[in-house]
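Walk through this protein from its overall layout down to a few individual residues. Keep the model open beside the text.

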Amino acid sequence: MRTKLASGALLLTAGLALMPGQAHAQTPSNVLLFPAVVNGDRNDSTKLVEDDVTEALRNQLAKLGIAAVVYNKRIPSVQRAINESDKIISDKNADSGPGDDNRIAKRFAEVVGASEYLTVFVDDYSFDAASRTAKFNLSMTRYNTESGQALGTFAKMQQGVAPADVAKGRQQASALARAAETGGQQAANSLYPQAAVMASNVKANVKRTAKRSGDKNVMTIFGALLGVLYFSTR
């Protein structure tokens with residue numbers, strides 16, 4: 001009887017140990033992130049906005065364990081598709097990206113070998129120098145490459161305020177960076193909720209482990225001090 005119980009316990013333990021791995025397998029490891037596109041009139045701030053939002057999203061996805069590749073015309077597989085006269089990918093749209101054409105975005109993802117792809121758009125960007133505030137509407141969509149169907153969407157207005165002690169010439173960049181970071185975190189967590197929960201649990205476990213280790217060290221030191229005190233009074 002004890003042997004059967006022990007075997008059952010081992011099987012249960014093994015099953016529980018596999019659960020995190022199964023959840024992790026649901027987190028995609030090959031995602032193509034298309035650079036953010038600012039809709040509307042382009043100006044001196046457009047490139048800065050697109051670069052900052054794209055980088056913020058890439059960083060936040062990485063924190064969730066999603067190593068997204070940012071689309072670039074120089075990716076070898078994209079270059080091969082252009083050279084082979086791909087029916088959908090031309091040199092022109094390879095240079096500019098897919099824009100809002102999901103058919104081209106899907107083809108890019110297929111060529112790169114990504115299981116999913118993300119499109120990002122920024123609307124109504126503005127910076128108010130008086131309040132040191134940057135604002136924009138961020139929208140992002142997660143797609144399955146095989147079907148081309150949307151797996152989730154995110155859309156929300158973002159706002160960032162530069163600290164008063166930041167030099168005037170750097171306030172717009174500072175405010176934009178804060179808005180982009182917040183937007184990236186919200187979008188990534190919204191589109192990849194399972195990965196967000198896993199990352200949160202890992203962070204919490206690390207904190208608990210660090211606390212237990214700290215408590216243990218304190219008790220060890222306290223015990224050593226008591227020992228010194230004991231022998232010094234004899």
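The coordinates come from a predicted model. The protein holds 7 helices and 6 strands. Along the sequence they run in the order α-β-β-α-β-α-α-α-β-β-β-α-α. There are 234 residues, and 33% of them are buried. Take the contacts with a sequence separation of 6 or more: 61% join residues 24 or more positions apart.

Now the helix pair. Two packed helices are described by the angle between their axes and the distance between the axes. Here the pair is α2, residues 46-63, and α6, residues 171-191. Their axes come within 8 Å and cross at roughly 40°. The crossing of α2 and α6 is right-handed.

Which residues of the two helices meet? From α2 come L48, V49, D52, V53, A56, L57, Q60 and L61. From α6 come A173, L176, A177, A180, E181, G184, Q185, A187 and A188. The residues of this contact divide into 12 nonpolar, 3 polar and 2 charged.

Stay on α2 for the next site, E50, which sits in this helix. Is E50 buried or exposed? Its relative accessibility is 11%, so E50 counts as buried, the limit being under 20%. What does the side chain of E50 reach? It comes to 3.0 Å from the backbone nitrogen of V38. The E50 side chain also makes a polar contact with the side chain of R42, at 3.1 Å. Set aside the neighbours within four places in sequence, and E50 is in contact with A36, V37, V38 and R42.

Next, look at backbone angles. Most residues other than glycine have a negative phi, and most peptide bonds are trans. Two residues deserve a check against that background. S85 has a phi near 55°, a positive value in a residue other than glycine. S85 is found in the loop between α3 (76-83) and α4 (91-96). Its relative accessible area is 58%, so S85 is exposed, the cut-off being over 50%.

The other residue is D124, with a positive phi of about 55° although it is not a glycine. D124 lies in strand β4, residues 116-128. Its relative accessible area of 60% is why D124 is classed as exposed.

D124 leads on to N137. The side chains of N137 and D124 make a polar contact at 3.1 Å. N137 is found in strand β5, which covers residues 133-144. How accessible is N137? At 28% relative accessibility, N137 counts as partly exposed, because the value falls between the 20% and 50% limits.

What else does N137 touch? Leave out residues up to four places away in sequence. N137 then touches F121, V122, D123 and D124, along with K156 and M157. A155 gives one further distance to check: its C-alpha atom and that of N137 are separated by 7.1 Å. Along the chain, N137 and A155 are 18 residues apart.

Technical notes. Residues are numbered from 1 along each chain as its sequence is written. This is a predicted model: local features need pLDDT of at least 70, side-chain atom pairs count only at pLDDT 80 or more; totals for chains, interfaces and linings use all residues. Side-chain values use heavy atoms; hydrogens and water are left out. Helices (H or I, at least four residues) and strands (E, at least two) are DSSP runs, numbered from the N terminus. Buried means under 20% relative accessible area, exposed over 50%, partly exposed in between (1.4 Å probe, protein chains only). A polar contact is a pair of N or O atoms within 3.5 Å; within protein, one must be able to donate a hydrogen and the other to accept it, and residues adjacent in sequence count only if both atoms are side-chain atoms. Contact means heavy atoms within 4.5 Å. Axes are lines fitted to C-alpha atoms, for helices over the stretch in contact, and angles run from 0 to 180 degrees between N-to-C directions. A crossing is left-handed if the near helix is turned anticlockwise from the far one by less than a right angle, and right-handed if clockwise. Ala, Val, Leu, Ile, Met, Phe, Trp, Tyr, Cys and Pro count as nonpolar, Asp, Glu, Lys and Arg as charged, and the others, Gly among them, as polar.
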